[in-house]
Amino acid sequence: MIAPLSIPSPDYEWQIWEINLFGWQLNIHMYALCILVGIILAVIITSRRMTKRGAEPGVVLDIALWAVPLGIIGARIYHVLTHPDDYFFAGANIWNPFQAGAIWNIWEGGNAIYGALIGGAVGVWIGCRMTGIRFWSFADALAPGLLVAQAAGRLGNWFNHELFGAPTDLPWGLEIESTNVAFPAGLAEGTLFHPAFLYEIIWNLAGAALIILLERRINLRWGKALAVYLIWYGLGRSFFEAIRVDPSEMFLGVRVNVWASWAAVVLGIVLFLVQRRRHTGDEPSPYVPGREWKGPDAGVDSDETESDSDSLDDGVEGENSTGETAATSSSRSTST
């Protein structure tokens with residue numbers, strides 16, 4: 001029975017917008033559109049935060065040109081590898097992107113955030129090396145925007161009728177048609193499910209607000225904001241993943257993504273403790289020494305000074321010294 005406050009799944013017509021352009025049909029998938037909106041929001045939020053910290057306006061786009069494509073590739077590879085039964089079976093269409101079920105067809109759903117984090121981190125590292133931005137500076141500025149982007153992307157799961165949890169009698173249960181391939185066998189038509197996608201949206205937005213609030217109270221530079229992100233998201237995802245009913249690879253009786261979530265929590269705790277001990281002061285600049293941008297509005301939004309221990313950062317991110325050559329827009333443009 002459908003509850004009065006149950007959440008209906010959108011009509012399948014909303015999944016794809018068909019646009020006829022001079023006889024050629026263009027299909028716009030809502031899932032992909034939600035991901036695109038999330039990327040745009042993350043870029044805007046991160047850009048504002050980086051500019052406030054003294055970075056050149058627009059430098060985030062240079063880094064995003066590396067991070068976004070590698071993040072998407074990583075997300076898809078991770079999903080395919082953790083859902084092999086969905087793609088590798090007798091008679092399956094694996095390679096042809098013009099047919100349903102190909103491993104390339106990300107618009108059909110199936111992008112893993114942990115794969116996106118791995119691929120995106122590689123892209124950020126490359127972009128930071130090209131632009132002279134400190135990796136940890138960018139990661140901290142990105143942390144809340146990343147959670148907002150993930151929240152927007154999860155809305156795409158609702159349009160795709162996916163990412164729902166176990167059956168529930170709660171009034172806000174999600175309506176899923178019994179013909180859905182992920183509908184558990186043996187359940188009656190009209191069974192409601194936990195809206196795991198909605199839980200994660202709320203959790204992610206709360207996490208973004210938490211990071212911004214904590215930044216006003218404690219020092220969350222040098223990778224510590226990223227650490228809070230890993231802890232927060234890992235904790236929430238480990239629960240949301242555990243209640244999902246769609247098939248996934250298991251290891252020791254636990255879903256692979258739950259293991260990944262626990263790993264994210266541990267990594268976040270270790271990162272926070274290590275960076276808190278190594279760097280007691282604020283960052284002198286979002287740039288590595290010798291690559292600074294000295295624009296008219298550039299500055300560091302903190303009155304704190306860097307401690308002696310903060311002057312070392314793996315031999316790359318060190319203390320600024322007087323007389324270093326400033327980076328220019330023309331040098332930055334070579335990264336694109």
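Trp 222 lies in the loop between α5 (196–215) and α6 (224–242). In this predicted model, the residue has a positive phi of about 60 degrees, although Trp 222 is not a glycine. Its relative accessibility is 0%, so Trp 222 counts as buried.

Leu 163 also shows a positive phi, about 60 degrees, and is not a glycine. This residue sits in the loop between α4 (135–159) and β3 (174–175). The relative accessibility of Leu 163 is 7%; the residue is therefore classed as buried.

Confidence in the model was examined next. The mean pLDDT of the protein is 82. A value of 70 or more is reached by 85% of the residues. Residues 298–336 fall below 50. Even so, that stretch has 91 contacts in the model beyond near neighbours in sequence.

Charged side chains were then considered. The structure holds six salt bridges. One of them pairs Glu 215 with Arg 49, with the closest N and O atoms 2.6 Å apart. This pair links distant parts of the chain. Glu 215 belongs to helix α5, and Arg 49 to helix α1 (residues 30–52). The two residues are 166 residues apart. Glu 215 has a relative accessibility of 24% and so counts as partly exposed. For Arg 49 the relative accessible area is 13%, which means that this residue is buried, the cut-off being under 20%.

A salt bridge also joins the side chains of Arg 154 and Glu 200, at 3.0 Å from N to O. Again, distant parts of the chain are linked: Arg 154 is in helix α4 and Glu 200 in helix α5, 46 residues apart. Arg 154 is at 10% relative accessibility and therefore counts as buried. Glu 200 is at 2% and is likewise buried.

Within helix α6, Glu 241 and Arg 237 are four residues apart, so about one helical turn separates them. Their side chains meet in a salt bridge, with an N to O distance of 2.9 Å. Glu 241 has a relative accessibility of 1% and counts as buried. Arg 237, at 4%, counts as buried too. The pair is part of a wider arrangement. Salt bridges with shared partners connect Arg 237, Glu 241, Arg 244 and Arg 255 in one network.

Note on methods:
Residues are numbered from 1 along each chain as its sequence is written. This is a predicted model: local features need pLDDT of at least 70, side-chain atom pairs count only at pLDDT 80 or more; totals for chains, interfaces and linings use all residues. Side-chain values use heavy atoms; hydrogens and water are left out. pLDDT is the predictor's confidence in each residue, from 0 to 100. Contact means heavy atoms within 4.5 Å. Buried means under 20% relative accessible area, exposed over 50%, partly exposed in between (1.4 Å probe, protein chains only). A salt bridge is a side-chain nitrogen of Lys or Arg within 4 Å of a carboxyl oxygen of Asp or Glu.
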